[in-house]
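Please examine the sequence and the structure shown below before reading the report.

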Amino acid sequence: MIKVVIDTNVFVSAVLSPDGGSREILRQTLKGDFKPIFSNALFGEYEALLARDEIWANCSLSASERDALLDALLSVADWVRIHFLWRPNLADEGDNHVLELAVAGGARAIITSNLRDFHNAELLFPDIEIFKPGDFLNWRRKS
């Protein structure tokens, strides 16, 4: 099964918008079509986002429903311990933990809406592809 890192911006987009690639990524992940991986840092980022009420002002899900959705995502995920930091690497320090998780967990892809920061890396990991949600879904259909 293909392992992926789902960046927090994809989760937020999936929760806020009923249509689009991000929602489909979440659906397919929960169905078991691919395996999400998490680390302490990524989990902390998800939790911090869930606590920011301004992000969820127009959300149709309650706070407890959003928490339950994260719990469901975690229930199908593998937890990865990161033992080596690849820094400095990305221009945005806040994104380094996502790439480090992908490397440590043997992920095939990082799914993010923030391609720019990942494509300007100092170190390259050719076995890890960086995709926008829709592009990942197209890639999966072709492979």
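This is a predicted model: local features need pLDDT of at least 70, side-chain atom pairs count only at pLDDT 80 or more; totals for chains, interfaces and linings use all residues.

## The largest pocket

The largest pocket has a volume of about 160 Å³. Its lining consists of ten residues, and those closest to the centre of the pocket are F118, L124, F125, I128 and I130.

Nine of the lining residues are nonpolar and one is polar, while none is charged.

S22 belongs to helix 2, which covers residues 21-31. Is S22 buried or exposed? The relative accessibility of S22 is 7%, and because buried means under 20% relative accessible area, S22 counts as buried.

The side chain of S22 makes a polar contact with another side chain, that of S13, at 3.5 Å. When neighbours within four places in sequence are left aside, the residues in contact with S22 are V10, S13, A14 and P133.

The model contains eight aromatic pairs. One of them joins F43 and W79 in an edge-to-face arrangement, with 5.7 Å from centre to centre and 65° between the planes. The angle qualifies as edge-to-face because the planes are over 60 degrees apart.

Which parts of the chain does this pair tie together? F43 lies in helix 3 (residues 40-50) and W79 lies in strand 3 (residues 78-79), so the pair links parts that are 36 residues apart in sequence. Both residues are partly exposed: F43 has a relative accessible area of 21%, and W79 has one of 46%.

## Glycine 94 in a loop

G94 is placed in the loop between strand 3 and helix 5, the latter covering residues 96-105. With a relative accessibility of 36%, G94 counts as partly exposed.

How far apart are the C-alpha atoms of G94 and E129? They are separated by 19 Å, and the two residues are 35 residues apart along the chain.

Terms used:
Residues are numbered from 1 along each chain as its sequence is written. Side-chain values use heavy atoms; hydrogens and water are left out. On a 1 Å grid over the protein atoms alone, a cavity is a set of points where a 1.4 Å probe fits but cannot get out, and a pocket is an open set with protein on both sides within 12 Å along at least five of seven lines; lining residues have an atom within 4 Å of a point. Grid points are joined across faces, edges and corners, and a volume is the space filled by probe spheres set on the points. Ala, Val, Leu, Ile, Met, Phe, Trp, Tyr, Cys and Pro count as nonpolar, Asp, Glu, Lys and Arg as charged, and the others, Gly among them, as polar. Helices (H or I, at least four residues) and strands (E, at least two) are DSSP runs, numbered from the N terminus. Buried means under 20% relative accessible area, exposed over 50%, partly exposed in between (1.4 Å probe, protein chains only). A polar contact is a pair of N or O atoms within 3.5 Å; within protein, one must be able to donate a hydrogen and the other to accept it, and residues adjacent in sequence count only if both atoms are side-chain atoms. Contact means heavy atoms within 4.5 Å. Rings of Phe, Tyr and Trp (its six-membered ring) pair if their centres lie within 6.5 Å; planes under 30 degrees apart count as stacked, over 60 as edge-to-face and the rest as tilted.
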